Amino acid sequence: MNVDVTALPGIGVRKDFESRGGRRIGVVVHRDGGIDLIVAQRDDPDACLAQVPLTTDEAAVLANLLGAPQLVESLKEDHRDLPGITTRQLPIINNSPYRGRMLGETGMRTRTKASIVAVMRAGQLHPSPGPDFVLDSGDLLVVVGTPQGLDAAARILADG
C-alpha cells in the first residue's frame, strides 16, 4: 500500500493512503508537534470529512491499537502448531510499578517462563527489547508463553 506524503507549507506534513473503499485516510503532523487524524471526502481528497486532533499520547495509543493486533496475530500464526504456547498483549498502565523502570527489573522470564518478544510504543515496534529497555505507560508488551505464564506476567505488570 502506498503512503502519500504531502508538504503543507506553514502547517506541516500530510501522510495518507487510499482505503479499499476509495477514501483517503491519514494524519497531518503540524510543525508545532500537533497531530490530526483525517478522513477525506470520497469525491475530493483535499476536503476533510472528519478531522480529529490528537495529543501525542492519544496518537500513541491509537497507533498501538492499530499495530499491535497484527503483530500478535502474526505471532499466533507462527505458534499455531505449538500446543500450549500463546501470545498476548499486556499494557503498561499509569500506575504500573514498572512504569519508568527497566524491563529486566520485572524478572519476567525467570518468574513466569514467559518471554517479552516486542514492545509497541507510539506506533513503533521495538523487537526483542533488552533488559535495559525502560518501560512507559501506554506501552504494549507482546508476550509469548503458556496461558498460566501470561496470567502471571499480567499480574506482575499490574501489581509488582
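This is a predicted model: local features need pLDDT of at least 70, side-chain atom pairs count only at pLDDT 80 or more; totals for chains, interfaces and linings use all residues.
Me: What is the strand order in the open sheet of five strands?
Reply: Let's walk along the pairings. E1 joins E2 through five bridges, running antiparallel, and E2 pairs with E3 in the antiparallel sense over seven bridges. At the other end, E4 and E5 are antiparallel partners with seven bridges. Put together, the order is E1-E2-E3-E4-E5.

Me: Which strands stand at the edges of that sheet?
Reply: Look for strands that have a single partner, so that one side is left without a neighbour in the sheet. From one strand to the next the twist averages 25°. The edge strands are E1 and E5 (44–54).

Me: Which residue stands opposite Arg 14 of E2?
Reply: The place to look is strand E1, residues 4–8, which is joined to E2. Those two run antiparallel, and the residue across from Arg 14 is Thr 6.

Me: Is Arg 14 buried or exposed?
Reply: Arg 14 lies in strand E2. The cut-off for buried is under 20% relative accessible area. Arg 14 comes in at 11% relative accessibility, so the call is buried.

Me: What does the side chain of Arg 14 make a polar contact with?
Reply: Arg 14 sits in E2, a strand that covers residues 12–18. At 2.8 Å there is a polar contact between the side chain of Arg 14 and the side chain of Asp 16.

Me: Which residue takes a positive phi in the hairpin of E1 and E2?
Reply: That hairpin has three residues between its strands. One of the hairpin's residues has a positive phi near 80°, and that is Gly 10.

Me: And which residue takes a positive phi in the hairpin of E2 and E3?
Reply: Here there are five residues between the strands. The strands themselves have Glu 18 opposite Arg 24 of E3. With a positive phi near 95°, the residue in question is Gly 22.

Me: Which element gives the largest share of the lining of the largest pocket?
Reply: This pocket has a volume of about 660 Å³. Of its 21 lining residues, the closest to the centre are Val 27, Ala 59, Leu 62, Ala 63 and Leu 66. Two or more lining residues come from each of E2, E3 (24–30), E4 (35–41) and H1 (56–78). The largest share, seven residues, belongs to H1.

Me: How many residues in the lining of the largest pocket are nonpolar?
Reply: Sort the lining by class. Five of the residues are polar and two are charged. The nonpolar count is 14.

Me: How many charged residues are in the lining of the second largest pocket?
Reply: This one holds about 250 Å³ of space. Of the 12 residues that line the second largest pocket, Asp 57, Ala 60, Asp 136, Ser 137 and Gly 138 are the closest to its centre. H1 again has the largest share, five residues. By class there are three nonpolar and five polar residues, and the charged ones number four.

Me: Which strands are the edge strands in the open sheet of four strands?
Reply: The order there is E6-E9-E7-E8, with antiparallel pairing. Neighbouring strands are turned by 25° against each other on average, direction ignored.

Me: Which residue of E9 stands opposite Ile 116?
Reply: E7 (115–121) and E9 (140–145) run antiparallel and are joined by five bridges. Across from Ile 116 in that pairing is Val 143.

Me: Where is Lys 113, and is it buried or exposed?
Reply: Most residues other than glycine have a negative phi. Lys 113 isn't a glycine, yet its phi is positive, about 65°. Its place is in the loop between helix H2 (108–112) and E7. The cut-off for exposed is over 50%, and with a relative accessible area of 58%, Lys 113 is exposed.

Me: What is the relative accessible area of Ser 128?
Reply: Ser 128 is found in the loop between E8 and E9. Its phi is positive too, near 45°, in a residue other than glycine. Ser 128 counts as exposed, and its relative accessible area is 61%.

Definitions and conventions. Residues are numbered from 1 along each chain as its sequence is written. Side-chain values use heavy atoms; hydrogens and water are left out. On a 1 Å grid over the protein atoms alone, a cavity is a set of points where a 1.4 Å probe fits but cannot get out, and a pocket is an open set with protein on both sides within 12 Å along at least five of seven lines; lining residues have an atom within 4 Å of a point. Grid points are joined across faces, edges and corners, and a volume is the space filled by probe spheres set on the points. Ala, Val, Leu, Ile, Met, Phe, Trp, Tyr, Cys and Pro count as nonpolar, Asp, Glu, Lys and Arg as charged, and the others, Gly among them, as polar. Two strands pair if DSSP finds at least two bridges between them. Axes are lines fitted to C-alpha atoms, for helices over the stretch in contact, and angles run from 0 to 180 degrees between N-to-C directions. Buried means under 20% relative accessible area, exposed over 50%, partly exposed in between (1.4 Å probe, protein chains only). A polar contact is a pair of N or O atoms within 3.5 Å; within protein, one must be able to donate a hydrogen and the other to accept it, and residues adjacent in sequence count only if both atoms are side-chain atoms.
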